[in-house]
Amino acid sequence: MHMHRLEKIWLTAGVSMLVVFLLVLGIMTFGRGIAPPNEHIHRIDPTKVSETPPFDKPQITKIGDNVYKAVMVAYAFGYDPIPMEVPTGATVHFEITSSDVVHGFEIPGTNVNVMVTPGEVSHVSHTFDKPGEYLILCNEYCGIAHEMMKTTLVVK
Amino acid sequence: MTDSKLSTFDRKDGQLVIAHVLFAFAALLLGGIAGMLQGMVKGGTISLPANIGYYELLTAHGVLMALIFTTYFIVGFLYSGVSQTLGGRLLPLTKKLGWIGYWLMSIGTLIGVVVILLGKASVLYTFYAPMKASPWFYVALALVVIGSWLSGFGIFYQYVQWRKTNKGKLSPLFAFMSVITMLLWQIATIGVAIEVVVQLIPWSFGWVETVNVVLSRTLFWFFGHPLVYFWLLPAYMCWYVIIPKIIGGKIFSDALARMSFVLFLLFSIPVGFHHQLMEPGISHFWKYLQVVLTFMVVIPSLMTAFSLFATFELNGRSKGTKGLFGWVKVLPWKDVRFFAPFMGMLIFIPAGAGGLINASNQMNAVVHNTLWVTGHFHLTVATSVALTFFGIVYWLIPVVTGRVLTPRLNKLGMIQTIIWCVGMFFMSGSMHTVGLLGSPRRTAYSTYDDHPDAIMWIPYHVAMAIGGIILFAGVLLIIYNLIALMRAPKGETEYPIGEVSDASEPTPRFLENWKLWIALTVILIVIAYTIPVIDQINNPTPGSPGYVTW
């Protein structure tokens with residue numbers, strides 16, 4: 001198909017940038033593991049969340065040197081457990097599931113932003129370098145009090 | 001090649017077009033009222049009476065604007081151009097399918113709106129399971145989709161008949177693009193049809209206990225992304241085919257226009273996972289593959305940008321303008337039929353750039369489900385597409401009703417366009433900014449117990465409400481203009497179908513090889529979806545019962 005010379009230049013430049021951009025995304029995803037969550041491997045019966053370990057006891061536990069594991073349940077309209085507190089510099093590995101509808105799990109000011117889908121367990125980690133009271137909120141519409149669904153994580 | 005002689009538009013066909021356009025704008029008015037109220041609630045300016053819920057309004061706004069306004073307008077616009085370019089009138093069967101489609105969609109819309117306003121379906125227009133709406137909400141959606149299929153079949157039928165009686169001839173560009181648009185729609189809606197008919201309707205009637213949530217989301221987004229191209233392609237049709245005629249120029253290249261539409265057909269369907277990047281249940285590999293396919297639409301977008309500006313520049317040069325940007329001066333800046341779609345084109349540049357951010361698997365974590373995303377699609381569909389559709393109204397209504405656009409209405413149209421751009425600057429600008437700060441989308445007024453982060457968002461929410469009020473003034477003005485156009489003085493208005501530049505090369509015939517394009521489309525879908533969907537079915541997420549949480 002015939003193309004104008006200038007159009008060839010234009011498309012070559014555009015497509016080259018596209019290739020570089022996609023390479024960056026791919027290397028980040030597979031090479032450095034900076035990837036959105038996650039596989040289809042952690043399953044749970046969404047009607048039996050309160051009886052299934054570890055979600056029968058939502059809690060935040062220390063698992064290493066300033067490393068914590070937060071096992072959390074999202075429900076309409078809140079999160080368990082409350083309250084949560086970690087020292088400054090702590091790395092927290094969150095494991096979250098839902099006991100009813102689809103929820104969100106977002107910590108504004110960080111890159112923590114995952115969907116919480118019933119029947120699946122979402123994993124996300126973050127290192128809290130600055131002290132403060134971090135807001136955790138639901139960013140997927142889940143019902144009448146969706147805008148009230150929140151909790152906080154205190155970093156001391 | 002294209003039929004551009006001054007001829008009266010078939011009156012009976014005109015009625016079908018008008019019926020669609022009026023329904024579309026009635027939806028725009030209702031959706032606009034809901035939108036403005038939401039903005040004011042979220043900004044903390046008003047609170048709703050106890051019997052109206054914020055999320056009820058939000059559901060109505062989304063369904064009426066994103067599904068009803070767009071689909072009705074698109075079907076009406078495509079039927080008008082098919083009538084014009086494929087023989088000067090609609091074939092009896094096409095017209096019949098158009099009307100049956102219209103009534104099915106209208107019955108569906110009516111049931112849907114009633115169910116939403118009764119508060120039985122505050123599930124938003126994405127209706128994510130396991131929130132369970134009234135079964136009649138899903139039935140209503142199914143009727144809308146089936147109605148639109150019949151309208152699509154009407155277009156296919158007329159096109160096939162035209163090709164039979166015009167053997168060896170290249171089909172008119174408008175008709176070719178209409179077929180691509182409807183083909184895209186038919187293939188994309190298969191996903192949502194399966195979700196609604198196989199999963200949600202039996203589940204909401206209580207015939208089955210549970211629903212596979214991950215699968216339902218995958219089926220929804222199989223449809224949900226091509227949906228945005230279904231909105232966009234008719235706007236592109238105006239840009240490629242109509243605008244050259246309105247500015248008094250020629251279409252840069254017929255072949256490139258067709259090629260870009262073919263690429264949109266190929267690359268807009270196998271990409272739905274980029275809406276599901278932040279959720280479990282799908283592996284990195286399949287997400288990344290679909291991200292790559294998503295970005296392929298950059299190519300036809302760049303082709304389109306090149307073609308449009310080439311048309312503008314060639315037009316200027318043929319009128320004797322000099323210098324690098326001399327052609328800008330001869331564009332008809334005071335003609336709303338050009339100005340409104342042109343503002344749409346211009347705004348599509350930042351809108352498209354925002355889309356690149358959304359679809360990148362790492363950056364999506366920053367913006368996912370924040371107001372940034374809402375800001376993004378208020379630029380794409382609610383500005384680029386909507387302003388183009390508004391621009392179409394100023395000649396389409398006169399053409400099909402045998403009237404003329406008056407200078408006064410042209411001026412009001414210019415004002416309407418400016419109001420829209422200003423309102424959107426405030427609303428979408430604040431949405432983008434506050435979204436980056438983390439403010440979530442789809443939430444009523446909330447300070448999250450006076451958390452400092454959330455308090456910081458409030459001024460932006462107020463700016464959004466101000467934008468929303470300005471935009472509502474724009475809705476009222478376009479409704480007024482539409483009614484005034486229906487009562488404008490009688491006269492002849494030409495259907496502005498552009499002609500291809502003499503300098504452009506002949507169009508290669510493989511571009512109308514539908515077997516090839518459909519086969520490639522199916523192959524790409526099969527590659528992108530087969531393995532993850534089989535995994536979701538064979539290895540299912542434990543099922544969820546339904547919940548009514550509103």
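A: In chain B, the axes of helix α6 (residues 213-246) and helix α15 (residues 514-538) come within 9 Å and cross at roughly 150°. Axes here are lines fitted to C-alpha atoms, for helices over the stretch in contact, and angles run from 0 to 180 degrees between N-to-C directions. Helices (H or I, at least four residues) and strands (E, at least two) are DSSP runs, numbered from the N terminus. The crossing angle makes α6(B) roughly antiparallel to α15(B); angles under 35 degrees count as roughly parallel, over 145 as roughly antiparallel, 65 to 115 as roughly perpendicular and the rest as oblique.

This is a predicted model, in which local features need pLDDT of at least 70 and side-chain atom pairs count only at pLDDT 80 or more, while totals for chains, interfaces and linings use all residues. Residues are numbered from 1 along each chain as its sequence is written, and chains are lettered from A and ligands numbered from 1 in the order in which they are written.

The crossing of α6(B) and α15(B) is left-handed, that is, the near helix is turned anticlockwise from the far one by less than a right angle (right-handed if clockwise). On α6(B) the contact is made by Val214(B), Leu215(B), Thr218(B) and Phe222(B), and on α15(B) by Tyr529(B), Val533(B), Gln536(B) and Ile537(B). Two residues are in contact if their C-beta atoms, placed from the backbone, lie within 7 Å. Six of the contact residues are nonpolar, two are polar and none is charged. In this scheme Ala, Val, Leu, Ile, Met, Phe, Trp, Tyr, Cys and Pro count as nonpolar, Asp, Glu, Lys and Arg as charged, and the others, Gly among them, as polar.

Along its principal axes the C-alpha trace of chain B spans about 65 × 50 × 45 Å.

Chain B also touches chain A, in a contact that takes 56 residues from chain A and 61 residues from chain B. On the side of chain A, α1(A) gives the most, with eleven residues.
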